[in-house]
Amino acid sequence: MTEHFLLKLQKLNRFYIKIFFIISGVILLLFSWNIYNEIAHKKKSVLEHAKNSFIKDLMFRKWFSNHGGVYVFPTQKTPPNPYLSHVKNRDLFTTDGHSLTLMNPAYALRQLMNDYEGMYGAKGHITSLNLLNPKSKATPWETKVLKMFEKENRIEFHEFLETDNKEYLYYMKALITKQSCLKCHAHQGYEVGDIRGGISITIPMQKYNDDTNHTIKNIIIVFSILYMIAFFGLFYTYKTIKASIKEQEKLYEENLRKEEIMLVQSRNAAMGEMISMIAHQWRQPISIIAMWANNIIADVDMDELNERDCKKYSTNIIEQTKHLSDTIDDFRNFFRPDKAKENILLKDVMEECLTVITKSLENNNIKVKTDYKNSTKILIHSRELMQVYINIVKNAKEALVERKIKDAHILINIYEDENNIISEIKDNALGIDTEIMKKIFDPYFTTKGVKNGTGLGLYMSKTIVEKHLNGMISAKNIENGVCFKITLPKE
Ligand code: HEC
């Protein structure tokens, strides 16, 4: 796997890990919120239950109290209340001789609470810190709450507590002394508004807890399924995306390979062109050398060789060999294997390009005018750029020769703006047909026939400029010719 692919994969992985945590977080949050709500709802319901229970007791008491107590037939279970002995008319007799006894609210309520305890799911207890009836003694919890009522001016309190490993709601509300209470409680020193005592309601949480646990179980199941769906959904999309990235990567690598092959092809083609240029430039000096050598042979044949002539011929031959080696020097840079990037002025690259190609331009009577207005060096592979320059200049030359342009010339401008260095190469070879112009950068496109070009020159130039040098290359028709423009970023 290439680095390119691993990088993409890493990005994908990181993205999915993030998404995974976000989704997990959201689901967990929703889950906790649901559970929290469920528990809060449970507590609210029990409390509601306790309050209702209290109100029921209160209503019952109020009704009793407002009647100043109620007379009933005394039975074994309901004997006359000894704590009412100070009340006048506690016991009455009907006209036909049956006895009646007065029941006070607390008496009746206690009986009700004891007889029907559990029917309402709640256990009530009426009590006070200042008891008339010692049977109604407050539990430690009730004592604590009643004391708190007296101290803190509160009349209601509840608490969830565990007793014998079972959870209960303990609820208590104060009973305030009213006018109607004074009939029987005034002798204890109460005044209207005093807290006379309270009713506590105890509700076992078992049923509520069972209900809630059941609901929570369902919530857990639903959320597990939700989480699983989310997880598998994520997993599935991850797999799919990964597969498609792999597919893309294959294509990408294939393209890369193709491009490499083309690069080699175009290098080879450029090399071939260079060699033919060298051959061209060598032709003249070689024939001159041959001529002087012939002269030597002729002189020897005729026995006319003298020291002076010999020296002259040799000097001339040496002079020509210097031409040969100069030519090689000119081209050496181009044949040099790729070297590291260098910080270089584009002007210098262009000058080197012109050295290589200038002979062939001179031979065809093409003038070159240069105008350099650039002082910023950039870090590039200069040989690659040189290949591009040579390619464009050579194309211009070929067009000028083919169309037999009089006063043929090539104008070269290199200048810079804020961010870029721009090289323009213009000719006056009458321009390119617009239909052809569209395709000049396509691979294997050539107008020159198989013999003269591979059709890779401009395609490779574009590849080099855009992919290797991060720049742009374009061509447009101008007056009388074509302008190629290469824009390279300064950084
Ligand atoms: C008809 C007389 C009568 C009236 C009216 C009456 N009570 Fe009582 N109350 C009693 C008697 C007697 C007891 C104690 C005996 C018992 O538990 O039955 C008692 C007990 C209580 C208790 C239980 C604690 C203890 O001292 O034993 C509270 C609390 C209480 N009364 C509050 C009130 C309030 C508040 C009112 C007014 C809304 C009221 N009572 C009206 C006669 C009365």
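The following legends describe close-up views of a predicted model.

Residues are numbered from 1 along each chain as its sequence is written. In this predicted model, local features need pLDDT of at least 70 and side-chain atom pairs count only at pLDDT 80 or more, while totals for chains, interfaces and linings use all residues.

**View 1. Division of the chain into two domains.**
The chain is divided into domain 1 (3-69 + 104-204) and domain 2 (265-489), with bounds that come from an automatic or database domain assignment. A distance of 99 Å separates the C-alpha centres of domain 1 and domain 2.

**View 2. Residues around the ligand.**
The ligand is surrounded by 28 residues, a residue being near a molecule if its C-beta atom, placed from the backbone, lies within 6 Å of it. Gly69, Asn104, Cys181, Cys184 and Gly197 are the closest. Two or more residues of this shell come from each of α2 (105-115), β4 (123-127), α4 (182-185) and β7 (195-204); helices (H or I, at least four residues) and strands (E, at least two) are DSSP runs, numbered from the N terminus. The largest contribution, four residues, is that of α2. By residue class the shell around the ligand comprises eleven nonpolar, 13 polar and four charged residues. Ala, Val, Leu, Ile, Met, Phe, Trp, Tyr, Cys and Pro count as nonpolar, Asp, Glu, Lys and Arg as charged, and the others, Gly among them, as polar.

**View 3. The open three-stranded sheet.**
Three strands form an open sheet in the order β1-β3-β2, with antiparallel pairing; two strands pair if DSSP finds at least two bridges between them. At the edges stand β1 (70-72) and β2 (91-93), each of which pairs on one side only. From one strand to the next the twist averages 35°, where axes are lines fitted to C-alpha atoms, for helices over the stretch in contact, and angles run from 0 to 180 degrees between N-to-C directions. Three bridges connect β2 with strand β3 (residues 99-103) in the antiparallel sense, and Asp91 stands opposite Thr101 in β3.

Strand β5 (residues 156-163) pairs with strand β6 (residues 166-176) in the antiparallel sense over eight bridges, and Phe157 lies opposite Met172 in β6. The hairpin of β5 and β6 has two residues between the strands, and Asp164 takes a positive phi near 50° there. β6 is also joined to β7 by nine bridges, the two running antiparallel; Tyr171 stands opposite Ile201 in β7.

**View 4. The open five-stranded sheet.**
Five strands in the order β9-β11-β12-β14-β13 make up an open sheet with mixed pairing. β9 (367-373) and β13 each have a single partner strand, so one side of each edge strand is left without a neighbour in the sheet. Neighbouring strands of this sheet are turned by 15° against each other on average, direction ignored. Strand β12 (residues 420-427) and strand β14 (residues 481-489) run antiparallel and are joined by seven bridges. In β14, Cys483 is the bridge partner of Lys426, and Thr487 is that of Ile422.

**View 5. The hairpin of β13 and β14.**
Strand β13 (residues 472-478) runs antiparallel to β14, with seven bridges between them. Ile473 has Ile486 in β14 as its bridge partner. Two residues lie between the strands of this hairpin, and Asn480 in the turn has a positive phi of about 70°.

**View 6. Contact of α7 with α8.**
The axes of helix α7 (residues 346-363) and helix α8 (residues 382-402) come within 9 Å and cross at roughly 35°. The crossing of α7 and α8 is right-handed; a crossing is left-handed if the near helix is turned anticlockwise from the far one by less than a right angle, and right-handed if clockwise. Residues of α7 including Val349, Met350, Cys353 and Val356 meet residues of α8, among them Leu385, Met386, Tyr389 and Ile390, contact requiring C-beta atoms, placed from the backbone, within 7 Å. The residues of this contact divide into eleven nonpolar, two polar and three charged.

**View 7. Contact of α8 with α11.**
α8 packs against helix α11 (residues 457-468) at an angle of about 145°, with the axes 9 Å apart, and the crossing is left-handed. Val388 and Ile392 are among the residues of α8 that meet α11, where Leu458, Ile464 and Val465 are among the partners. The contact of α8 with α11 has five nonpolar, six polar and one charged residue.

Methods. Two residues are in contact if their C-beta atoms, placed from the backbone, lie within 7 Å.
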